[in-house]
Amino acid sequence: MRFGMLLGRLGGLRVIAVLVLAAPVATIANGMSPDEVQAGNLLLRMEQGYATATLLDTDVNIAVNGLVARVSVMQEFKNDGPEWVEGIYVFPLPDRAAVDHMRLYIGDRFIEGEIREKEKARKEYEQAKQAGKKTSLVEQQRANLFTTSVANIAPGETIVVEIEYLEDIRYDDGTFSLRFPMTLTPRYIPGQALPDRKGNGWSPDTTLVDDASVITPPMVSASRGHKVSVRASVNAGMPLEIIASRYHPVNVSEAGGRYLVNLTGSRSPMDHDFELVWRPVPAKAPRAMVFTETIGGQPHYLLMVVPPESAAETDGHMPREMIFIVDTSGSMHGVSIEQAKQALRRALDTLRPGDRFNVVEFNSHTNPLFPASVAATPSNLANAQNFVKQLNANGGTEMYPALQFSLRTPAQDGHLRQIIFITDGAVGNEEGLFQLIEQQLDGARLFTVGIGSAPNGWFMRKAAEAGRGTFTIISALHEVGEKMERLFRKLEHPQVTNIDIQWPSGTIIDGYPAMVPDLYLGEPVTVKARAATAFRPGDTVRIMGDSVGGTWFSDISLDDEQQSPGIAALWARARIANLLDKQRRGANADEIRTAVVQTALTHHVVSKYTSLVAVDKTPARPAGDPLSSEQVPNLMAYGQSSTAIFGFPATATDAPALRLTGLLLIAAALLFLMLVPAGGRRRRGLAA
């Protein structure tokens with residue numbers, strides 16, 4: 001009652017209190033003043049809708065031949081406003097995509113993009129932009145995140161940028177699959193804000209993510225544009241039992257062994273990933289496939305070998321220590337947290353007597369259910385199920401402390417430690433997390449479960465790779481049971497370990513991955529390699545390893561190879577990824593950069609240090625006409641809430657400390673008012 005009366009007679013102090021609390025939020029959200037940074041307007045205009053003059057639509061054409069897909073992405077930029085504009089669009093691609101072509105279409109003609117070192121490409125683009133020439137630039141920000149910039153689009157004009165990439169097809173448990181990401185989940189940005197910024201995103205650059213302003217585009221929940229059409233042609237090289245889309249309705253037809261797939265209806269919103277899956281007729285299930293392409297006299301190979309499933313069978317059961325890490329940050333709000341909770345409940349149900357476990361929840365803070373893993377008793381499991389039932393999504397995505405807690409907790413003797421990490425991967429500091437996993441994994445295995453309609457696939461795959469485990473992506477509630485069941489079968493059946501690849505003697509081989517990870521039930525060995533010279537007739541490559549049933553090996557004849565354009569570019573992409581992994585582990589940065597640039601320029605692929613640029617030779621914008629720059633937004637992923645994501649600080653800055661300071665000042669002021677008589681306050685005020 002006394003507190004209410006005090007507030008009632010101190011209206012002026014209430015205003016001061018609001019200002020004290022609000023000021024740090026405005027500073028954190030923008031990094032600079034609202035007038036200086038686009039991010040302030042983005043956050044304030046989110047509820048009403050983010051309006052730009054530049055509209056975007058996309059057409060995707062996929063051509064699959066064997067294990068390789070060539071994908072064309074046509075991005076149509078339309079200037080719906082009265083002024084000349086530059087459109088900047090941040091978009092996802094598959095993390096193993098080798099982007100090797102870009103074309104800028106102007107009316108009925110096009111300009112072919114050229115590969116350049118990143119700084120040279122940026123300089124060429126900026127010079128053309130200032131000169132009024134139509135120009136486009138494609139840059140890589142992450143292995144699965146790219147930026148297209150298009151300058152000097154006239155009022156009412158439409159310009160099309162075509163990007164082409166190559167990707168190898170994923171094979172798992174008898175099924176081939178290809179995933180095309182449509183949008184992205186806004187990334188959580190940890191670290192202290194830096195004074196300068198590289199881009200126009202909603203987050204400032206920080207000490208832990210120095211390009212945060214580049215990878216945080218505005219998000220909208222609805223748009224007049226952002227529609228996509230998808231067409232796929234699949235030549236699997238074998239009859240198919242099933243071909244289907246997981247998340248979009250499609251029409252499928254077959255002609256001459258080639259399967260044609262189209263989205264039902266002309267266009268769909270770009271708010272959740274497209275995934276196409278196909279399964280060969282069981283009698284024709286592949287055991288080994290070899291594809292090759294020769295560039296500059298050097299043959300490049302893509303090998304896939306599937307070990308026999310019988311090698312994984314065993315009657316024994318080794319006790320396991322299962323650590324379940326679950327992301328409950330704001331980006332997991334809605335459908336994603338329900339998927340995560342359902343996955344966790346199923347995971348807990350698989351535990352057996354003799355197993356141990358723990359559940360670690362994280363958002364802005366890490367909250368383990370138990371201080372350390374406990375026995376899988378009915379009582380402990382019941383506590384865990386209740387814990388999972390009450391999980392809610394809010395706050396930031398502070399992955400590092402949760403991973404560190406789980407990896408540092410002492411392992412239980414006699415137990416196989418397996419860490420299941422359930423998250424959408426929406427973070428900007430991926431490299432630091434990969435480094436943590438590699439350094440502290442010890443004898444554990446880390447398995448990632450990607451949740452949501454647009455998860456960060458690169459994080460899922462690389463974190464699992466660093467953790468010597470596997471990754472699974474769950475994008476719909478109805479597939480939680482199927483995919484988690486498949487994951488549990490893998491967890492119980494490590495299939496082949498200590499894998500070695502023996503190439504024919506006398507030939508120098510540069511192959512990737514340099515160390516093949518452990519294989520689990522239904523997984524293939526996939527290798528990309530370049531040979532210094534051609535192999536001799538009759539040469540074979542042997543892949544061997546240790547399995548439950550003893551030593552396993554498979555000999556593959558290199559005479560049975562199939563020609564497949566694009567294998568060399570896929571090898572280049574794998575080599576670049578390997579080089580960047582070495583850089584993260586401490587290799588000389590200048591030497592790595594030189595090797596990456598050389599490989600990327602030779603094979604004409606976009607990388608961390610190379611970009612594609614196209615410039616029209618004729619100026620289009622009159623010298624006196626101004627040019628405005630617009631960050632084209634992404635469509636919010638299906639099932640996500642902008643309020644849940646953007647209702648919390650985008651960065652792990654000193655905002656909590658500032659808020660606490662503000663609260664303490666208010667509390668001190670209230671205490672002062674309660675203790676000092678009103679008359680005394682008036683007298684001191686007059687004296688002052």
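## A parallel pair to start from

Let's begin with strand β19, which covers residues 288–295 and pairs with β34 in the parallel sense, over two bridges. Within this pairing, Thr292 stands opposite Gln563 of β34. Please keep in mind as you look around that this is a predicted model.

## The five-stranded sheet

β19 and β34 belong to an open sheet of five strands, ordered β29-β31-β20-β19-β34, with mixed pairing. At its edges stand β29 (509–512) and β34 (562–563); each has a single partner strand, so one side of each is left without a neighbour in the sheet.

A helix joins the picture here. Helix α11, made of residues 567–584, lies across β19, β20 (298–305), β29 and β31 (525–531). Relative to β29, α11 runs at about 75°.

## The four-stranded sheet

Another open sheet has four strands in the order β30-β28-β32-β33, and its pairing is antiparallel. Here the edge strands are β30 (519–520) and β33 (550–557), each pairing on one side only.

You can follow one of these pairings in detail: β28 (residues 494–502) meets β30 in the antiparallel sense over two bridges. Pro494 has Tyr520 in β30 as its bridge partner.

## The chain as a whole

Stepping back, the chain contains 15 helices and 37 strands. Of its 688 residues, 56% are buried. Among contacts with a separation of 6 or more, 75% come from residues 24 or more positions apart.

The accessible surface of the chain is about 28600 Å², and carbon and sulfur atoms account for 54% of that area.

Definitions and conventions: Residues numbered from 1 in each chain as written. Predicted model: local features only at pLDDT ≥ 70, side-chain atom pairs only at ≥ 80, totals over all residues. Heavy atoms only, no water. Pairing = 2+ DSSP bridges. Contact = heavy atoms within 4.5 Å. Axes fitted to C-alpha atoms, helices over the stretch in contact; angles between N-to-C directions. Buried < 20%, exposed > 50% of the residue type's maximum accessible area, 1.4 Å probe, protein only. Areas by Shrake-Rupley, 256 points an atom, 1.4 Å probe, with all protein chains shown as cover.
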